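Here's a quick briefing to read with the model open beside you.

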Amino acid sequence: MKQLPYLLLIILLLFTVTLPTPVAAEESADGRDVQIHCTFPGIVLEAGESTEFALSVTNNGNADPKKFWVETFGESSDWEYHFLNGETEITRAAIPTGSSQNIGFTVKTSSDTPVGEYYVKIHIGNGYCWLYITISKTHAGERGVLKLTTVNELGETVKGATVAVMEDKSTEPFMTIQTSTDGKIRSELPHGDYTLVITKDGYHSALPVDVEVNSGLETDAGNILLEKMNTAVEVSYKTLSITTSLDKNSVFVMNLKNIGRADSIFSLDATGMPEDWYTRFKESENSGESLSEIFLYAGEEKTLYLEVIPAYATDTGDYSITSVVTSPAGDTYEEVLAITLRGEYRLKVYPDKYRYELGKGDKVTFDVMLKNTGSAGPLTNIRPEISAPDGWTATISPKTLASLEPGESETISVTVIPPSNIAASEYKVTLKVTSDQTETSDDFRMVIKESSFVTILGLLLLVGVCGGVWYAFRKHQRR
């Protein structure tokens, strides 16, 4: 009876040995049914670069599909990984038992990864393999470059499109960029993920575009399609800001182009004007006619002039109006136009008269009033100068004036003496007045007369000549 337990134990042991062991039969020498081999498991890269490891996978187990996955550590968690069969990304492989298969494994590093050695562990089924990447140079702290091109449905570039660069979960643009005349942008951005919202007047907005900008690298978002609306206009201005004096109207030059698919009539208006101001749209700068709408064929463009007329007695300062162009579909194209009204510096000369008669060697003295007729402010360091022909003597008193406030005037005295041997004629004397802000000038005529003695002597000579002629005529007649 005591031998019975031993007999049962022996029978059980023999039964266990004779049972089939499929798991043990499918396992490889190291206890795993999948063997992964990489001839070159260590590679040196610059941060932001990509590489592909060539893997040889041997299946010593069953032919069921084996799942792929990657185990990362530290900075390598931010990298991108893909298993490839040629150009196709794969996630599982069903390799026949006892067969091998070549598989590509790509790693795209992040451009801001610090310099150092990193490793990842790849898994296929229950097999694994360690891979090592050494980063030799980092771009951490550098800005990346974003590129894109806006085009229409015909492939033509679209200039002036607005690209709003949105950060993750932000409602306000991180940056707003306008595409250039060739429809392109090239702008630097910090490392990160962004969403691009692209709009353009006259076009349907493009779908948001998600991009990843990497430090020190270029990201090309490619061609972004903007589709034309049926009725739309492109409005541009030669300038959005004008500075002028109070006595002049501002004229903005605007260009309208029908970029829609159909011929259209566009309404013209201006809003947001100060009280008692008014505007008029004109086809030519000197035209007296005002337009309220304009017809444009599809693709046609025209230049218009928007004249802004301030109210009487408007003060100097900064003002603005809003130009509004409305399409038949009700779309409005608005632009804020800035106007700066400044006072003008003006200096006027008011003499008693402009013509004086005097004899040789005589002198003439006359007063001239200088007046600040401008509105910009005081005129300072006023210096009158007299310019006369050679040999003349000309003086001014006083020689300088410190300042003149707007509306103020001062009188100066001008004395002119011609030389005694000057020929009788008319001569010009010029008064030039300069200040720190402006200058002006005026001309005066000096008529030099012969003296009375010379006049009498001339008359006597004339009488003598006439008498001689008469005497000779009478004498000759008697003969």
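At 64% relative accessibility, Asp210 is over the 50% cut-off, so this residue counts as exposed. Bear in mind that you're looking at a predicted model.

**Surface charge**

- To find Asp210 on the chain, go to strand S17, which covers residues 209-213.

**Aromatic rings**

- Searching the whole structure turns up 14 aromatic pairs.
- One of them is Trp79 with Tyr118: the ring centres sit 5.6 Å apart and the planes meet at 70°, so this pair is edge-to-face.
- Are Trp79 and Tyr118 buried or exposed? Trp79 has 5% relative accessibility, so it counts as buried, and Tyr118 is buried too, at 12%.
- Phe83 and Phe105 make another pair, with centres 4.8 Å apart and planes at 40°; that angle makes the pair tilted, because it falls between the 30 and 60 degree limits.
- Phe83 comes from strand S5 and Phe105 from strand S8 (residues 100-108), so their pairing ties together parts 22 residues apart in sequence.
- Both of these Phe residues, Phe83 and Phe105, are buried.
- They're also members of one aromatic cluster, together with Phe68 and Tyr81.

- As background, most residues other than glycine have a negative phi, and most peptide bonds are trans.
- Which peptide bond is cis, with omega near -5°? Look at the one from Ser397 to Pro398.
- Pro398 itself is in the loop between strand S33 (393-397) and strand S34 (401-404).
- Asp276 isn't a glycine, yet its phi is positive, near 70°.
- You'll find Asp276 in the loop between strand S23 (264-271) and strand S24 (278-282), and it's exposed, with a relative accessible area of 60%.
- Asn381 is another non-glycine residue with a positive phi, this time about 55°.
- Asn381 is in a strand, S32 (residues 379-387).
- With a relative accessible area of 36%, Asn381 falls between the 20% and 50% cut-offs, so it is partly exposed.

Methods:
Residues numbered from 1 in each chain as written. Predicted model: local features only at pLDDT ≥ 70, side-chain atom pairs only at ≥ 80, totals over all residues. Heavy atoms only, no water. Helix = DSSP H or I, 4+ residues; strand = E, 2+ residues; numbered from the N terminus. Buried < 20%, exposed > 50% of the residue type's maximum accessible area, 1.4 Å probe, protein only. Phe/Tyr/Trp six-rings, centres within 6.5 Å; stacked < 30°, edge-to-face > 60°.
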